[in-house]
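Please look over the model below. This report walks through a sheet, a core and a pair of helices.

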Amino acid sequence: MIAFHLETRSGVPTYLQIVQQVRQAVRLGILHPGDQLPTVKEVVEQLTINPNTVLRAYRELDLEGLVEGRRGVGTFVASGQPPLPPDDVKTLRSSLRRWVDRARAAGLDDENLAALFADTVRPSSISRVA
Amino acid sequence: MSDSPALETAALGKRYASNWALHDCELSIPTGSVTALVGPNGAGKTTLLQLAVGLIEPTTGTIAVLGHDPRSEPLAVLPRVGFVAQDHPLPRRFTIAETLRLGRELNPSWDDAVAERRIDELGLSRRQRVGTLSGGQQAQVALTLALAKQPQLLLLDEPVASLDPLARREFLTGVLQAVTETGITVVLSSHIVTDLERVCDRLIILADGRTQLVGPIEDILAGHRLLTGPRTTAAGVARVHEVIRESHTERQTTLLVRANGHVYDADWELHEVDLEEIVLAYLGQTSDTMRAAVAR
């Protein structure tokens with residue numbers, strides 16, 4: 001079971017934060033196929049958020065095929081969701097760690113690090129407005 | 001869940017002497033939603049809620065609550081509406097047991113199990129007098145009375161204004177538990193914007209007796225952006241987007257806009273804005289984060 005957390009001033013909609021946290025937990029192997037997500041009631045009580053927001057997030061994950069809702073029972077991680085290969089994650093993490101050390105040595109603080117990383121991952125930095 | 005709105009107004013207005021407390025109000029609140037009614041003191045929030053329960057009569061227009069006029073058909077409305085007035089007034093000398101008994105006697109649809117369970121969960125003794133409870137506990141008892149009526153619509157007038165942050169969270173959690181369990185429609189007024197983004201799915205901004213902005217919070221967040229750029233006038237941007245607020249320093253201009261479609265403009269840096277920022281912009285105030293964005 002995982003616990004969700006919210007960053008209230010991030011500008012990322014609440015439902016999307018939940019979606020992202022489930023995706024990440026599955027990719028990193030924290031959640032396995034068959035694992036149950038917290039019930040809507042549990043998330044509402046833990047985070048003081050609107051149940052419609054939780055339902056919206058779970059519906060989105062269901063559409064993606066990442067989870068499956070079983071009526072009256074709960075929401076479960078779907079089978080056939082291989083996490084990232086643990087060995088690759090380990091290798092990548094250690095080379096990223098070396099990169100972070102070099103960047104710090106070059107005088108970048110955490111904010112600069114995050115900005116540089118985000119900018120590299122997403123080369124076109126034009127924001128969209130819906 | 002029915003398709004007709006839980007609360008609907010048309011050209012609704014209320015005038016006291018020469019002062020319009022509410023003017024030309026057009027609203028439709030969907031069944032099952034949790035709506036925040038936001039605005040400074042005196043904006044018309046209480047007036048709207050009092051009109052919804054028929055405590056006062058409209059000067060112009062109409063209001064329908066659960067499909068009925070609260071003034072001409074009170075019996076079709078009042079038993080199905082839970083109302084917690086500002087400062088949740090309860091008889092202070094009553095014990096909790098006596099308070100629950102009062103609720104049971106006054107409300108035909110009263111559900112004892114709901115009331116008893118909530119009092120147990122709050123860890124309160126039935127012998128305690130209401131006047132000896134903390135502000136947060138009194139608010140929770142008032143909420144218990146409203147919920148045990150098993151209403152379809154819950155109206156809360158500034159329920160958390162006088163509560164500390166922890167009591168505020170606990171109260172809102174109680175409201176959301178009821179939403180989860182019964183799908184009740186909620187309208188809560190507040191001049192405190194904190195927590196509303198996570199609790200509510202719709203927003204109404206009221207100022208000077210008029211609605212300034214109405215809609216789903218998600219759409220509101222997606223539709224507003226903060227633009228920063230070299231000092232200029234807002235005229236160019238204003239041709240395409242609605243400029244809600246502009247501010248200038250010697251070298252920089254900051255605009256909060258309601259975007260009309262996509263913003264692609266190399267002259268401006270775009271930032272997302274949180275709900276508090278948007279509310280403050282509509283209410284014509286300047287907050288610290290805004291100044292920080294300008295200074296950056």
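In this predicted model, chain B holds an open sheet of four strands, ordered β11-β12-β10-β13, with antiparallel pairing. Its edges are β11 and β13 of chain B, each of which pairs on one side only. From one strand to the next, the twist averages 25°.

| Strand | Residues |
|---|---|
| β11 (chain B) | 242-248 |
| β12 (chain B) | 252-258 |
| β13 (chain B) | 269-272 |

β11(B) and β12(B) pair in the antiparallel sense over six bridges. Within β12(B), T253(B) stands opposite H248(B).

Next, the core. The largest nonpolar core has 93 residues. V38(B), A52(B) and L155(B) touch the most other members. Helix α5 of chain B, residues 135-148, gives this core its largest share, eight residues.

V38(B) has contacts beyond four places away in sequence. They include S190(B), V193(B) and L196(B). Also among them are L203(B), I204(B), I205(B) and L206(B), as well as V279(B).

The crossing of α2(A) and α6(B) is right-handed.

Which residues meet there, between α2(A) and α6(B)? From α2(A) come V40(A), K41(A), V44(A) and E45(A). They meet T173(B), L176(B), Q177(B) and T180(B) in α6(B).

Methods: Residues numbered from 1 in each chain as written. Chains lettered and ligands numbered in written order. Predicted model: local features only at pLDDT ≥ 70, side-chain atom pairs only at ≥ 80, totals over all residues. Pairing = 2+ DSSP bridges. Helix = DSSP H or I, 4+ residues; strand = E, 2+ residues; numbered from the N terminus. Axes fitted to C-alpha atoms, helices over the stretch in contact; angles between N-to-C directions. Core = buried A, V, L, I, M, F, W, Y, C linked by C-beta atoms within 7 Å. Buried ≥ 20, exposed ≤ 12 C-beta atoms within 10 Å, placed from the backbone. Contact = placed C-beta atoms within 7 Å. Left-handed = near helix turned anticlockwise from the far one by under 90°.
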